[in-house]
Each structure stands twice: as structure tokens, then as C-alpha cells.
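Here is a friendly briefing to read alongside the structure.

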Amino acid sequence: MKRWGDYDTGEAYDEVFAAPGEVREVYAETMARLERTDLDKLSRTVNEQLAADGVVFGGEEAHAYQVDPIPRLLTEDEWNLLARGVSQRAEVLNALVADAYGERRAVNEGVLPARVLDETPYFEKDLAGWPEPPDGWVTVIGFDLVRDRDGRFRVLEDNLRTPAGLAYADAANSVVADVTDLGPQTDSPSFLQAGADALRRALESSAPDVDGELLLITDGELNSAWYEHQRIAEAAGLRIALVNDLRRRGDRVELSDGTPVRAFYRRSDDDSIRDENGVMTPLAEIVLDPLRAGRVGMVNRFGGGVGDDKMLYAYVDDLTRFYLGEDPLLPSVRTYDLLNEAKLADASERLHELVVKPRDGYGGHGVVVGPAASEEEIEEARKAIHDDPHAWIAQDVIELSTLPVIVDGRLEPRHVDLRVVAVRDADGVTALRGGLTRVALEAGSMVVNSSRDGGAKPTWVVPGRG
């Protein structure tokens, strides 16, 4: 492995190199193949094929989806832990959302402060007292996992409202497998097809006694993940429709051509019942009464955002013990509820070593990474959390693990996370094998989001022990 002798593993956990020039066993064959490869040509070929396939991210200003071809490999042992861990967490989040709109046992027994539910921007008052739907409150979830310096996976964020990743992970996997010899030999369904099959089962179980069409509801070409919407709909056999294509007839939902609707997967940005002025949103106006009557099913339901509130991350580990009587298999990154005066005072003194995030933020926007921030940015963050602690959380800094990427014909480390997608229905949780490895393409950056110029890597599960 002489070619990799100048690769600087740094202080983060490197997925490929245990030490400079020392390749981890699971990557030995892959790196041996890369020894004989023109790296620039490899990267160029992969991304030209992605562009030719029309793989883009973004709405009106869509940009090419960037993939670095050097894969992330998870051993069977690692994957089994992750699959069990996200399945456990999916059940906890579903229990929390059901409890939030029901008895509030976690609040009554002192596990969760009442204000977390009372003040969350995602609580839907119209749903208070609703019975739990037949398939539960929570269906498609994207778990953002990070690996710390000791190589342990932790949960950084949960995404319950409109998580993306199915088609983008599949595109990264399939293109690299098609144009290189780096992919594993497998007869398993593609990542997208496995997710689409699980999604269709979830849609069916959301309205078990209703006849009609299964839909994917989207904002169309203006949605940043429009490419993914089309791919999912095709793979799952769903009809694509806009909110404007729906209408209510009695206690049923139908399309404007009169076709009855059995259930729909909501991928539109219309993810709440009421807008900031308290007016019912167009989608809710059409579907809320039929949902209440059990005459239409909805995947990624209204109300699930309660489990998407970043302030909740400070309590999920305790909620796991409370609802399931189990310790979390995948602990949360330590999170500080800044409405707790002691936590606020502690965080305020240590902002240079913490990450500050908007409570309802997404896509990496508004995040201040203390160790990389200027004094001016630190002071602005300190003022913001004191002025409105309700709107912010803080988390311990986890120096994300690194993987090699191709830069000017050589390998350089870049920080990565792993989005694992799980689909929950009446029969349990399906954790989709593998996931979407997101990579910060800028040296030193820990912001991996596609909306902030991050890229992706193929991700495969291979035989071996972690």
C-alpha cells in the first residue's frame, strides 16, 4: 500500500486507515484495486454518468449530485448493531408521538418536561386526543449517525417529517457498481427497491380497509428532492400527484379525475396542519377529516414532527428506558436543553467546544460549530441562546469519522456521517440495509448536507466482524 503512505489520518476515526499506510482488513481488497486505478479518471467517469442519468438535488437551482466513488464498507456485525439500534429508536419515537397526543405518561412521570411538548413548534393541537393510527404515527425515518474517535456510532439527529435519501443512496451505489469493480457481488434488491417495497407495505397498512389508489404527494419540480420523488414513485408503483390534484368527497379523498385515494406518502413541504397564522393548510383542509374517520391513510403523517424536535434529543435515551425498559443500543450525542437554566449557563461558558443549532433548523443552516467558529460568531451564538433559549439547542462536538475522497489524483480525508433509513408499519420496523453516506467535500468541514454542497459515497454491507 505504498501509494497511500502520505494519507494523513488526522485525529478523527478514519474508516479505511487504522494508521498512516495501515489499511483496515475490511478495506484491504478495495484499496488493492484502487492501487492500480487512475483516480481522477475514476471520479470523473462516475460523476459524468450521474449527470447523464439526471441525478440532481435542489429545486429551481438544482445542481449535479456529487459522488466520491471510494465506498464506505460496513461489516455484518456493524450493520446488525445499527439495524437493531435504529429499529429500537423508531419504536421509541413512535411511542413518544403517541404519548404526546394521548396520555402524556412521560410528562406525568417526570421523564420529559411538559414544556418540551407544550412549546415545540411541531405539536399539532388538532390531533390532541386522537387514537393511534393502525400503522402508528411514525413511518419513514432518516437517522443521522456519526462515529466518534473511538469508532462508536451515535445518533446525531432524527428526521421524521420528510427525510430524503432512498434514491440518492441508490444512485451512488448503482453508478459506482456499474462503472467500477468496487461494488460487492449481490443478488439482493437495490437499496431503492427495498425501500420502495417497505413503503408500499406501510401505505397499505395505513388504510387496511380502504380501496383506491396509492399516491406520492409532492410539490413537483420546485421541491429540492424532485428527482427522488420520481424514482420512489416508479419503484413503489405509486401515482405522483400534487396537493392541488386532491379533493374531498364526503369522508373520502379522491383525485380531481374522480379516482378514489386509499393512502398517500407525503413528500411535499406542506408538513403541518396549520400555518403560522393558524389557518389550515391546503393539504390538511382536504385530508384531516378523512384521516380522522379512517377513510384514507397517510405515511409521514401530520404530528410526527414532535419526534423531530431537536430539543427532544436530550431526552430520547431516558425515553428508551421509560417506554421499552431497555438501554439505548445507539446512544444520542449529548444534547443540552437550554431552557434548563443550569444547562444554559454551562453551555454559555463552553460554546467554543460545543455545536449550537436552531431547534427547528434543517440542512445545516444556522449551525455554529464552536471549535471552528470565530470569536465574533461565538459571541453572536451566546447572545442568541440567551435572548431566546427556546429556539436553540447545543450538542457536544463529535469529530465525525473520515473516509478518503479523490482530490486531484490523490486521497484526502473528509468527514462523513451515515443516514440510515427505516420504515415502520403495523408489523414492525424495516431498517434498509446500508444507507446514505454523506460527505463534506471541503477540507475540514463537518457539514455534509447536500443543500450545503456536500456529496455522497456508495455504502455497502460486506461479510466480516466489526
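Helices here are DSSP runs of at least four residues, numbered from the N terminus. Please keep in mind that this is a predicted model. With that in hand, let us start with helix H2 and what surrounds it.

**Helix H2**
- Helix H2 covers residues 39–52, and its 14 residues reach 20 Å from first C-alpha to last, close to the 20 Å expected at 1.5 Å a residue.
- At its start, a side-chain oxygen of Asp38 comes to within 3.3 Å of the backbone nitrogen of Asp40.
- Just after H2, Gly54 adopts a positive phi of about 75 degrees.

- Leu39, Leu42, Ser43, Val46 and Leu50 are the buried residues of H2.
- Viewed down the helix axis, these buried residues fall within an arc of 95 degrees, so they line one face of H2.
- They pack against helix H1 (28–35), helix H6 (166–179), strand E18 (402–407) and strand E19 (410–425).
- Lys41, Glu48 and Ala52 are exposed, on the face turned away from the buried side of H2.

**Salt bridges**
- The whole structure holds 42 salt bridges.
- Arg350 pairs with Asp346, with the closest N and O atoms 3.1 Å apart, and also with Glu353, at 2.6 Å.
- Asp346 is partly exposed at 30% relative accessible area, and Glu353 is partly exposed at 35%.
- Arg382 and Glu379 form a salt bridge at 2.4 Å, N to O; they sit three residues apart in helix H12 (residues 375–387), separated by about one helical turn.
- Elsewhere, salt bridges with shared partners link Asp6, Arg410, Glu412 and Arg414 into one network.

How values were computed
Residues are numbered from 1 along each chain as its sequence is written. This is a predicted model: local features need pLDDT of at least 70, side-chain atom pairs count only at pLDDT 80 or more; totals for chains, interfaces and linings use all residues. Side-chain values use heavy atoms; hydrogens and water are left out. A salt bridge is a side-chain nitrogen of Lys or Arg within 4 Å of a carboxyl oxygen of Asp or Glu. Buried means under 20% relative accessible area, exposed over 50%, partly exposed in between (1.4 Å probe, protein chains only). Helices (H or I, at least four residues) and strands (E, at least two) are DSSP runs, numbered from the N terminus. The expected span of a helix is 1.5 Å times one less than its number of residues. The arc is that of the directions from the helix axis to the C-beta atoms. Contact means heavy atoms within 4.5 Å. A polar contact is a pair of N or O atoms within 3.5 Å; within protein, one must be able to donate a hydrogen and the other to accept it, and residues adjacent in sequence count only if both atoms are side-chain atoms.
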